[in-house]
Amino acid sequence: RPLLDPVPPLPALYTSVGFSIFAFLSTVYLVLALGQTFVKAGLKGGDLLKPYRHEIPIPESMGLVCASVYILLLMLFIPFAFSNFIMNFASQKHHLEGISVVEFPHHQLSVYLSSLLSLLIATMLGFLDDVFDIRWRHKLPIPIIASIPLLMVYYAERGNTHVVVPLPLRFMFGTVVNLGPLYYIYMALLSTFSTNSINILAGINGSEVSQALIIAISVILNDLLYLPWPMDFRIPLHLLGNKAEVEFGGVWSAGMAHGSRELVERHLFSLYFMMPLVAVCLGFMYHNWYPARAFPGDTLCYVTGMAFAVVGIQAHFSKTLLLFFIPQIFNFVMSCPQLFGLVPCPRHRVPRYDPDTNLLYPSTTEFPKPPSRITNVTLRTMAALGLTELALHPSTGAIQTATNLTILNFLLVRLGPMNEKRLVQVLMCSQVAGSVLAFVVRYGLAGLVYDG
Ligand code: UD1
Ligand code: MG
């Protein structure tokens, strides 16, 4: 019996582009229009790295506007994402011809709805963090719990929990290992990592939103590789080699050359979530660029971070996604001594601003009493690697100060003082370089390490 399998709704992609343009314009307008309302509600902060930091209040948590526009538009888009099925149901023609119509994809709907649920919780958490400054130990577990709906949906479709073992390690583990529950723990941790890692790489104008923007664009580029392009386009992509298609279980050897239907659908889903995200980020960046007229607050960091976790998990490319977070991973690993209490962590680790030269210098953390042995070893190792700069007591040689352990201070230590705008541009370049590296590793080097 012939089965009519509706093609993935490519026209919905155009609708999504239209929605994104609308999202961009709304964000540009609303952030401007609502700024003073936020200030009146007490959602404001001084721009730490400006001479006017105490005089002019900047509206804070404006990421709430981005999150609202983003989530509302995603909800409005639901019928369009399923338009091909709606059309099919609507037309009786197929029934008359004796062709059975494929069932409504309830599974895809649950993918969509659980994603919205996670985004909503991330927004709520981010906003609460802005208002109440939640403690670390309280805010870490929340994204983990927020990821349970995603993991359940992943489980429901028997998502892949296997990883392909790189060639040199195969004599120990075999070709493929099933990580089972460990894989679920990894995905849950991914959501807490992606939300918090953007938040701790922050404090200079444009830093948070530019990270989100570049990661979202990288995800979109990756998604485009999987769409059913005309054959001429697909052949060169195939030549890139897709031997290490590790994310897709059964179809990994088929990979993108086949453009398997499931694969296309997953990456379409990812595009539906990433295109409006790029739009709201661009719209917000217009106001957050140096000198900032609006601050993103933790809300933007959380909602963008969760959006990445959502597409990484739901579209089954969480490992590729992690590759787009190279600067954040670097910043997180570097921050660990401060985050976990080995080294004192001031409330703000942003660089130090010098009003006379208008330049930023690395900020420091002080040791009122000589640090413990383990702290000593850690900091001296990091200093030897060029990650931090220490000031030693002239006679005893004990560490007195160390530059704060963030990628921003690291860049200033290595490249010398620069102004805030230049620093955010350097940060953006490192994010782009990270994404280029990610593509090389994913599609180039993977062929050397895996044989498919
Ligand atoms: C995180 C960082 C903290 C950094 C802060 C800056 C860790 C563990 N925490 O804390 O070191 O100082 O972000 O966002 O790494 N601000 C600016 N310019 C900007 C953006 C923010 O001056 O472009 C200032 C404003 O005063 C704003 C405040 O940062 O009010 C927001 O800080 P918040 O997001 O609450 O800090 P955390 O996320 O807790
Ligand atoms: Mg923050």
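A residue is called buried if 20 or more other C-beta atoms lie within 10 Å of its own, exposed if 12 or fewer, and partly exposed in between, with C-beta atoms placed from the backbone. This structure is a predicted model, in which local features need pLDDT of at least 70 and side-chain atom pairs count only at pLDDT 80 or more, while totals for chains, interfaces and linings use all residues. Residues are numbered from 1 along each chain as its sequence is written, and chains are lettered from A and ligands numbered from 1 in the order in which they are written.

The confidence of the prediction is considered next. The pLDDT, which is the predictor's confidence in each residue on a scale from 0 to 100, averages 88 over the protein, and 87% of the residues score at least 70. Over residues 1–6 the pLDDT is below 50, and this stretch has 13 contacts in the model beyond near neighbours in sequence. Two residues are in contact if their C-beta atoms, placed from the backbone, lie within 7 Å. Residues 242–259 also have a pLDDT below 50, with 45 contacts beyond near neighbours in sequence. For the model, the ipTM is 0.98 and the pTM is 0.91.

The overall architecture can now be described. The protein contains 20 helices and 11 strands; helices (H or I, at least four residues) and strands (E, at least two) are DSSP runs, numbered from the N terminus. Of its 452 residues, 42% count as buried. Among contacts with a separation of 6 or more, 78% join residues 24 or more positions apart.

The interior includes a nonpolar core, a set of buried Ala, Val, Leu, Ile, Met, Phe, Trp, Tyr and Cys residues joined through C-beta atoms within 7 Å. The largest such core has 101 residues, of which Ala216 and Cys281 touch the most other members. Helix H14 (residues 261–288) supplies the largest share of this core, 14 residues. Apart from neighbours within four places in sequence, Cys281 is in contact with Val209, Ala212, Leu213 and Ala216.

Ala212 is also one of the contacts of Ile198, which include Glu208, Gln211, Cys301 and Gln328 when neighbours within four places in sequence are left aside. Ile198 lies in helix H10 (residues 181–199) and counts as buried because it has 26 C-beta neighbours inside 10 Å. Its C-alpha atom is 20 Å from that of Ser363, a residue 165 positions away in sequence. Ser363 is itself among the contacts of Asn409, together with Pro351, Pro362, Thr403 and Asn404, again leaving aside neighbours within four places in sequence. Asn409 is found in helix H19 (residues 407–415).

Two helices give an example of packing. The axes of helix H2 (residues 63–81) and helix H15 (residues 297–314) come within 7 Å and cross at roughly 35 degrees; axes are lines fitted to C-alpha atoms, for helices over the stretch in contact, and angles run from 0 to 180 degrees between N-to-C directions. Gly63, Leu64, Cys66, Ala67 and Tyr70 of H2 make this contact with Gly297, Thr299, Leu300 and Val303 of H15. By class, the contact has six nonpolar, three polar and no charged residues. Here Ala, Val, Leu, Ile, Met, Phe, Trp, Tyr, Cys and Pro count as nonpolar, Asp, Glu, Lys and Arg as charged, and the others, Gly among them, as polar.

In the loop between H14 and H15 is Pro291, which a cis peptide bond joins to Tyr290, with omega about -10 degrees. Ser61, in the loop between strand S3 (57–59) and H2, has a positive phi of about 55 degrees although it is not a glycine. Ser61 counts as buried because 24 C-beta neighbours lie inside 10 Å. Asp133 has a positive phi near 50 degrees and is found in the loop between helix H5 (106–132) and helix H6 (136–139). Asp133 is exposed, since 10 other C-beta atoms lie within 10 Å.

Finally, 18 residues surround ligand 1, and the closest are Gly45, Leu48, Gly203, His348 and Arg349. A residue is near a molecule if its C-beta atom, placed from the backbone, lies within 6 Å of it. The shell around ligand 1 has eight nonpolar, six polar and four charged residues.
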